[in-house]
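Please keep the model open while reading.

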Amino acid sequence: MASHRLGVAVFVLVATAILAAESEPNQVESEQLQDVGGSPDAVFSDAEGGFKTGDGASETVPGQAETPPHPVETGQADSAGRRVSIEVGSDRVEEPVADEELENLQAEFDLQDAPQQSEPVPIPRDHFAEELVIRPLLSGDMYTSFQFRTRWDTDQHRGEKVSHYRLFPKSLGQVISKFSVRELHISFTQGFWRTAQWGQPLLSAPPGAELWVWFQDSVADVDGAWRELTSVLSGIFCASLNFIDSTNTVQPSASFKPMGLGNVTEQRFLRYAVLPREIVCTENLTPWKKLLPCESQAGLAVLLKSEKLFHSSYHSQAVHIRPVCKDSACRETSWELSQTLGIVFDLHASGQSKREWSLFKMFSRTLTEPCPLASSSKVYVDVTDNPLGDELFDLSPAVSLQTQAVVLGDRRTFTVYDLLTPEPYGPTRSLNILLKWRQQVSVDMQRPVLHTERYVSGYGLQTGEINTLLYNSHPFRAFPVLLMETVPWYLRLYIHTLTVQSKGKENKPSYIHYLPSKDRQRPHLLEMLVQLPPHSVTKVTVQFERALLKWTEYTPDPNHGFYVSSSVVSAMVPSVVAMDTNSTEGRPLFTTLFHSTEESSYFMRVYSEPLLVNLPTPDFSMPYNVICLTCTVVAVGYGSLYNLLTRTFQVEEPSGGLTKRLANVIRRLRGVPLL
């Protein structure tokens with residue numbers, strides 16, 4: 001009842017204003033409503049929701065709701081609690097009410113006068129972190145590795161529809177949703193990682209373009225989804241991924257497993273392809289940087305200057321998408337996007353006379369601020385080979401924060417620059433990390449535990465042999481490796497010539513999976529599990545025969561040769577931490593009884609060099625010569641014959657010339673008849 005009375009009071013105010021505007025537009029009149037018989041029903045109409053004028057006629061306000069919003073109102077109750085005075089604009093209504101109604105009215109007024117509380121700010125569902133690792137190489141070069149990680153707390157596999165993207169790139173999110181992608185790994189690499197000189201990279205990749213994708217088990221046509229996905233990714237990264245087809249796509253059986261959640265064993269949902277001749281340039285780097293939340297405007301991405309990055313010995317950029325656990329209990333999943341970029345700056349190619357590196361010399365820029373959207377922004381400098389801080393090189397600016405971590409089986413020490421704190425920048429608000437070597441000290445680099453080499457042998461253009469060398473430099477531990485070879489169909493393998501030798505003896509593989517090729521349809525796929533003895537070199541050889549292609553299947557530069565993608569070696573490699581069995585100083589004696597620690601082994605994938613093979617190539621200049629000779633013969637022979645057949649000949653009497661006239665003059669003088 002109380003709310004109804006308040007609503008009717010509002011109607012009174014609105015109706016009064018309308019009537020006053022109709023009679024005198026420039027004057028607003030107010031009318032006093034009188035109490036009739038002490039009953040509120042005599043004034044307010046409960047059924048109509050309107051008001052009664054002085055003559056008792058009931059009118060309603062057009063378009064007015066039954067319970068309109070309340071304007072600013074004040075209410076007072078007398079000491080007896082029996083009458084209430086309601087002020088609405090300039091009008092005042094007094095009427096008796098019950099005690100309960102009075103309490104309800106007072107509570108409603110207090111609720112309206114109370115300040116409105118703001119809604120809680122929603123917690124963001126995505127997070128972004130960035131880091132840069134700087135590692136001096138013993139060869140004098142400098143290795144830098146960028147990593148930008150975006151984690152998105154959503155699960156599209158369960159049918160969760162997403163229409164708003166904050167930090168996660170919308171283009172990649174739509175790709176995951178449309179093609180039902182479980183994992184996506186793509187890399188573009190220019191140059192070859194020299195493992196024997198530089199050690200192991202933080203993340204290895206083959207030269208050219210590499211793409212391997214795990215699809216959801218709900219995908220019915222995997223090949224069709226693969227073709228469409230490569231075309232879409234070709235447009236996103238401005239690359240030649242549309243050249244991936246069935247002739248260079250394989251389905252590995254054991255070499256590639258999911259890197260995220262879900263131990264999928266259905267290999268039919270996996271596709272792998274490599275374009276070893278793909279050239280990486282600025283056109284690939286620009287869309288890669290646009291996937292970052294801050295692009296190249298702030299944070300570590302400001303260092304990514306194209307003219308400096310591509311003036312290096314090695315350049316590799318990659319994108320990895322996988323599902324990960326949202327929390328430790330793994331009750332929910334999240335999408336993790338990792339964008340990595342590895343660069344090796346050559347000491348001699350940079351034109352430096354002395355060994356001195358800095359951010360400005362490498363990238364022509366310095367760091368001034370982190371990405372404002374990043375929850376973590378750090379720079380790590382590897383100082384493992386400089387234990388005392390000033391033995392080999394000086395690091396400036398100096399910070400006190402250091403950390404240790406086991407990276408690729410080796411315990412490393414890093415100096416940490418936290419860009420979210422003002423300490424690294426100093427008074428200039430600019431961070432330019434400088435590494436200056438005191439003297440040229442030769443340090444023997446520890447040979448990598450596992451690395452591989454590959455080459456082609458043989459002579460002539462009919463047959464040949466592919467040789468793959470697998471090195472195990474561990475002094476006392478043998479471990480198995482999984483070798484995968486992908487060979488184009490135009491190199492016809494003789495699988496019966498496959499041999500595996502270690503230390504001059506035959507080493508029989510414990511597992512072999514071979515899928516023969518089909519001409520112009522699919523390549524060869526060879527996978528084998530080989531046990532590498534300690535401190536040994538294992539040689540894998542297989543012979544092949546070169547096929548003769550159709551003249552339309554040759555590249556524009558056939559004499560350059562044809563590329564064969566790198567071989568892939570996957571293994572659980574023994575840790576370097578457990579290799580030192582002689583050093584006991586500073587360690588408990590019981591730790592030397594066992595050759596394994598908590599980091600006894602780690603997963604590692606290495607790639608060999610791509611092969612460049614010459615095929616029987618016809619002399620493509622011969623058609624040119626034949627065409628020139630044929631055209632010359634046709635032009636000369638047919639042209640002369642045509643000229644003779646179409647020319648019109650006329651017989652003309654010879655007219656007397658000067659000689660004839662002179663002769664007639666002489667004959668006339670002599671009296672001889674003229675000619």
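The sulfur of C238 lies 7.2 Å from the closest cysteine sulfur, that of C281, which is too far for a bond. A disulfide here is a pair of cysteine sulfur atoms within 2.5 Å. This is a predicted model: local features need pLDDT of at least 70, side-chain atom pairs count only at pLDDT 80 or more, and totals for chains, interfaces and linings use all residues. Residues are numbered from 1 along each chain as its sequence is written, and side-chain values use heavy atoms, with hydrogens and water left out.

- C238 is partly exposed, at 40% relative accessibility. The classes are buried (under 20% relative accessible area), exposed (over 50%) and partly exposed (in between), with a 1.4 Å probe and protein chains only.
- C628 is in no disulfide; its nearest cysteine sulfur belongs to C631, 6.9 Å away.
- C628 counts as partly exposed, at 30% relative accessibility.

**Disulfides**

- The structure holds 2 disulfides. Counting bonded cysteines along the chain, they follow the pattern 1-4, 2-3.
- C294 is joined to C371, with 1.9 Å from S to S. The torsion about this S-S bond is about 65°, so the disulfide of C294 and C371 is right-handed.
- C294 sits in the loop between α6 (282-290) and α7 (306-309), and C371 in the loop between α8 (359-363) and β15 (376-382), so the pair ties together parts that are 77 residues apart in sequence. Helices (H or I, at least four residues) and strands (E, at least two) are DSSP runs, numbered from the N terminus.
- Both C294 and C371 are buried.
- C325 and C330 form a disulfide, with their sulfur atoms 2.0 Å apart. This link of C325 and C330 is left-handed, with -70° about the S-S bond.
- C325 is partly exposed at 25% relative accessibility. C330 is partly exposed too, with a relative accessible area of 31%.

**Nonpolar surface patch**

- V634, Y638 and Y642 make a nonpolar surface patch of about 340 Å².
- Patches are made of residues with over 30% relative accessible area and no salt bridge; like charges are joined within 9 Å, nonpolar side chains (Val, Leu, Ile, Met, Phe, Trp, Tyr) within 5 Å. A salt bridge is a side-chain nitrogen of Lys or Arg within 4 Å of a carboxyl oxygen of Asp or Glu.
- Y642 lies in helix α9 (residues 621-646). Y642 is partly exposed, with a relative accessible area of 48%.

Note on methods:
Accessible areas come from the Shrake-Rupley method with a 1.4 Å probe; for residues, only the protein chains shown count as cover.
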